[in-house]
Amino acid sequence: MVETVETDLLVIGGGMAGLTAAARAAHDGLRVVVVEVGADVGGSARFAGYAWTAPSHEVMDAVNPRGDAALRHALVDRFSDGIDWIRSVGVEAQEPVTLLGFGRGHQFDTNQYVDRCRQLVLAAGGEVRLRTETSRLLTEDGRVVGAAVTGPDGSAEVRARSTLLATGGLQGDPELLRTHVHPLAGDLQLRANPHSAGTGYRLATEVGAATGPDDAGFYGHLVPSGVAFADPSDFVDLSLYYSEHALLFNLANERFTDETLGDHLTTMALLEQPEARGLLIADARVHRDWIVASYVEGAVALDKFAIANRRGGRVGLAETLDELAYLPEEWGYDGAAIKAAIDAYHRTIAAGGTPEPGRRNDPSPIDEGPWYVVECVPAVTFTFHGIRIDDQARVLGTDGRPVPGLLCAGSDSGGLYHRAYAGGLAPALVFGLAAAATAASALTR
Ligand SMILES: Cc1cc2nc3c(=O)[nH]c(=O)nc-3n(C[C@H](O)[C@H](O)[C@H](O)COP(=O)(O)OP(=O)(O)OC[C@H]3O[C@@H](n4cnc5c(N)ncnc54)[C@H](O)[C@@H]3O)c2cc1C
């Protein structure tokens with residue numbers, strides 16, 4: 001027999017966005033049911049550490065000019081309310097620090113936060129169902145009225161005034177990645193929880209939701225090639241954040257992007273290069289200042305070069321640039337051509353010129369031996385293509401109007417960023433709170 005459950009807000013996906021919405025709605029007196037496919041709640045949020053975004057509209061507009069204007073401005077405007085909410089549930093958010101050169105944000109204990117949100121939901125009489133799959137949304141007269149779910153105790157129809165999709169994105173589905181990110185994207189290593197494989201996306205499109213934008217890109221980082229993630233701690237330990245101070249060469253032995261704009265942007269650019277792999281070259285200065293130093297103020301420093309070496313990555317140490325000529329042939333690069341390109345780069349900056357591509361944020365020479373060489377590939381955390389929403393977290397239909405009863409927040413949504421990134425936790429927080437507010441107002445209508 002199929003159980004029937006009545007609730008005010010059904011949340012599909014118990015990570016940063018879903019639990020934020022659920023806890024806030026429970027706090028505001030709504031009946032809440034959370035269904036989570038994993039054995040525990042938390043999702044990728046458990047691996048994250050900083051809620052951050054651009055500190056002003058000007059900065060957001062400069063770094064993310066093609067993102068949906070209403071969403072990107074709502075994120076900036078409501079970010080501090082989000083931090084207040086985190087603090088209000090008894091989780092400490094540290095003093096602000098700078099992230100990715102332009103962002104501001106707060107370190108907080110995401111594990112404590114998601115566990116606290118779950119407690120709040122349960123304490124208010126809500127439910128959190130684990131190991132529970134969602135097969136389809138329920139609809140009546142063009143309105144989403146809940147979902148059909150199956151868990152360890154059998155199947156249920158959860159009938160809800162509002163239903164929130166918060167399954168964390170589609171990056172776990174190679175086919176969706178190939179279709180909506182890049183033909184080579186299906187082979188990317190997954191730098192995120194394994195469950196976020198497009199369920200929210202499929203449920204939304206089945207009821208006529210708009211998706212997009214195509215070619216918006218993704219958030220991820222460079223990692224050493226040929227090194228599989230052994231466990232989630234590798235998501236950070238193997239990320240080569242220092243690439244923005246190094247030089248990156250493709251298989252044509254050419255630089256192809258301004259690396260100094262950020263490792264996350266270089267990661268997107270590398271996906272479009274031949275075989276989506278490249279040779280990252282740092283010198284002793286970069287090693288000293290960026291590889292073995294703390295990357296974000298207060299974060300633990302890890303020697304990413306040493307880790308890549310230990311883990312069997314394609315790694316080399318060159319005492320002189322001439323030694324690049326001894327790169328293993330099977331890697332496919334021409335070391336002499338790369339040396340010539342580095343020499344040309346140095347001649348250009350010594351003459352006061354601008355190298356091509358530019359080096360906007362760090363035009364320093366890479367001329368202090370030894371040189372640290374790592375072959376790297378992109379890894380994906382979440383995509384910027386997703387379900388279209390408005391700033392109240394309402395899912396938009398292909399006609400541009402809200403799909404009644406259906407909400408979405410976090411990495412399931414698309415449109416906020418376009419070939420740009422300014423935080424993943426912050427939008428999950430801000431639009432999770434927006435979803436709770438929209439669900440509350442649906443009760444009074
Ligand atoms: C290593 C790492 C470090 C990061 N660091 C930062 C950082 O410092 N700052 C920052 O801003 N962002 C960071 N991020 C990104 C951030 O974690 C995500 O942007 C954020 O967690 C997105 O929230 P979400 O709720 O959309 O997804 P998640 O938090 O991943 O939650 C999605 C949930 O949905 C569940 N789910 C999936 N499919 C289903 C289904 N079919 N049914 C039910 N449940 C389902 C998942 O199991 C998961 O629990 C990091 C990510 C990683 C991987």
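Modeller: A polar contact is a pair of N or O atoms within 3.5 Å, where within protein one must be able to donate a hydrogen and the other to accept it, and residues adjacent in sequence count only if both atoms are side-chain atoms. This is a predicted model, in which local features need pLDDT of at least 70 and side-chain atom pairs count only at pLDDT 80 or more, while totals for chains, interfaces and linings use all residues. Residues are numbered from 1 along each chain as its sequence is written, and side-chain values use heavy atoms, with hydrogens and water left out.

Colleague: What makes the pairing of the side chains of Arg-46 and Asp-115 a polar contact?
Modeller: The two side chains come to 2.8 Å, and the limit is within 3.5 Å, so the pair is counted as a polar contact.

Colleague: Why is Arg-46 called buried?
Modeller: Buried means under 20% relative accessible area, with over 50% being exposed and partly exposed in between (1.4 Å probe, protein chains only); Arg-46 has 19% relative accessibility and therefore counts as buried. Arg-46 sits in the loop between strand 2 (32-35) and strand 3 (50-53), strands being DSSP runs of E with at least two residues and helices runs of H or I with at least four, numbered from the N terminus. Leaving aside residues up to four places away in sequence, Arg-46 touches residues including Val-41, Thr-110, Val-114 and Arg-118, where contact means heavy atoms within 4.5 Å.

Colleague: Why is helix 8 described as largely enclosed by the rest of the structure?
Modeller: Helix 8 (residues 263-271) has nine residues and eight of them are buried, which is why it is described in that way. Among the buried ones are His-264, Met-268 and Leu-271, and the buried residues of helix 8 pack against strand 12 (218-224), strand 13 (247-249), strand 14 (278-282) and strand 16 (371-383).

Colleague: How do you know that Glu-272 forms a salt bridge with Arg-419?
Modeller: A salt bridge is a side-chain nitrogen of Lys or Arg within 4 Å of a carboxyl oxygen of Asp or Glu; the closest N and O atoms of Glu-272 and Arg-419 are 3.2 Å apart, so the pair qualifies. The count between domain 1 and domain 2 is one salt bridge.
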